[in-house]
Amino acid sequence: MGDQQKVSHISYKHNTHMLSNIFNRAVAIFPRTHRVTMSSASGQASVFEEPRIVVKKLLARAQREGDGAVVRRSIGRHELKYLDPFLMLDEFTVTPPAGFPDHPHRGFETVTYMLQGAFTHQDFAGHKGTIGAGDVQWMTAGRGIVHSEMPVGEGLQTGLQLWINLSSKDKMVEPNYQELLSDDIKRVETDGVEVKIIAGESMGVESPVYTRTPTMFLDFTLQSKAQVNQKIPESWNSFVYVIEGEGVFGSLDSSPVPAHHVLVLSPGDGLSVWNKSSKALRFALIGGEPLNEPVARYGPFVMNTHEEIDQTIQDYQHCKNGFEMAKYWKSQ
């Protein structure tokens with residue numbers, strides 16, 4: 001959930017020692033949707049004119065983040081630093097008292113999708129809320145936010161957190177939240193396939209989430225021997241993250257891929273997936289329209305130029321231009 005990386009080729013004159021204590025503690029939480037349709041059928045080859053296939057496969061290995069938390073980072077690591085417009089994907093595992101204490105963000109959106117347990121988020125603008133298993137928080141950090149994300153109750157808390165870049169015209173918008181409870185997330189079941197539509201559209205059902213950067217975020221569960229064919233806008237970048245089980249992605253004769261792997265997909269008009277195993281397969285299919293803009297990032301700040309990063313650090317240190325309330329605020 002956190003991001004300890006610094007942009008290469010950037011030398012900062014500022015007091016980064018003070019900031020590093022915050023940056024190293026981790027991450028954040030939580031666009032116009034496009035029409036995406038789905039059909040399912042068992043035992044058939046891909047139905048697409050230009051099927052998407054897997055062009056890169058990475059195992060998300062566990063690492064420490066925040067205050068005692070563990071994440072499996074797939075996007076935002078050395079082997080896959082950026083998949084436009086996606087900056088980071090973490091599968092996080094937290095057991096109290098670990099968590100993600102007060103930390104800032106600017107210039108992008110975070111999506112937190114709880115798989116197990118619950119997290120409470122609070123920020124310097126007075127927003128506070130708790131999301132449980134199956135709930136989603138879609139947060140637009142925009143011009144600046146300082147917040148905390150901490151587990152609720154005992155036991156293991158797990159989920160996914162996705163960082164989505166914002167275009168230069170949207171980086172300084174006012175912060176905003178969209179929260180969906182599990183019961184409010186639209187879903188469809190057919191032929192051994194269930195899809196939860198967090199963003200975008202599948203099988204003619206559309207999510208109400210507004211995405212500034214056009215995005216699809218679909219949570220699929222395929223029972224044994226089921227198949228799904230999901231259309232994806234041809235101009236978008238897309239990837240799969242395997243949550244549970246193992247599946248065959250893109251090509252019927254490819255090897256099954258187990259949990260905790262990220263699969264970068266080739267260009268094309270859709271993805272076919274088969275579950276050849278005896279157990280259920282669960283995966284997230286995520287796609288987005290590339291921004292095709294330069295990216296400068298420093299920890300939890302993502303802008304277009306190094307000069308904008310320098311300005312952001314000054315704004316945060318001096319509590320101005322969006323960070324005014326950071327001067328006196330501390331999470332409870």
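Me: How many salt bridges does the structure hold?
Reply: There are 8 salt bridges, and keep in mind that this is a predicted model.

Me: Ok, which residue does R143 pair up with?
Reply: With E174: their side chains meet in a salt bridge, at 3.8 Å from N to O. R143 sits in the loop between strand 10 and strand 11, while E174 is in the loop between strand 12 and strand 13, so the pair ties together parts that are 31 residues apart in sequence.

Me: Is E174 buried or exposed?
Reply: E174 counts as exposed, with 54% relative accessibility. R143 is partly exposed, at 21%.

Me: And what does K169 meet in a salt bridge?
Reply: That would be D170, at 3.2 Å from N to O. K169 is exposed, with a relative accessible area of 63%, but D170 is buried at 8%, since buried means under 20%.

Me: How far apart are the closest N and O atoms of D170 and R212?
Reply: They're 3.6 Å apart, and this pair is a salt bridge too. D170 is in the loop between strand 12 and strand 13 and R212 is in the loop between strand 17 and strand 18, so parts 42 residues apart in sequence get tied together. R212 itself is partly exposed, at 28%.

Me: Which residues are linked in a network with R73?
Reply: E65 and D90: together with R73 they're linked by salt bridges.

Me: Switching topic, how many helices and strands are in the chain?
Reply: The chain has 2 helices and 27 strands.

Me: And what share of the residues count as buried?
Reply: 59% of the 332 residues. The chain's accessible surface is about 13,300 Å², and 49% of that belongs to carbon and sulfur atoms.

How values were computed: Residues numbered from 1 in each chain as written. Predicted model: local features only at pLDDT ≥ 70, side-chain atom pairs only at ≥ 80, totals over all residues. Heavy atoms only, no water. Helix = DSSP H or I, 4+ residues; strand = E, 2+ residues; numbered from the N terminus. Buried < 20%, exposed > 50% of the residue type's maximum accessible area, 1.4 Å probe, protein only. Areas by Shrake-Rupley, 256 points an atom, 1.4 Å probe, with all protein chains shown as cover. Salt bridge = Lys/Arg side-chain N within 4 Å of Asp/Glu carboxyl O.
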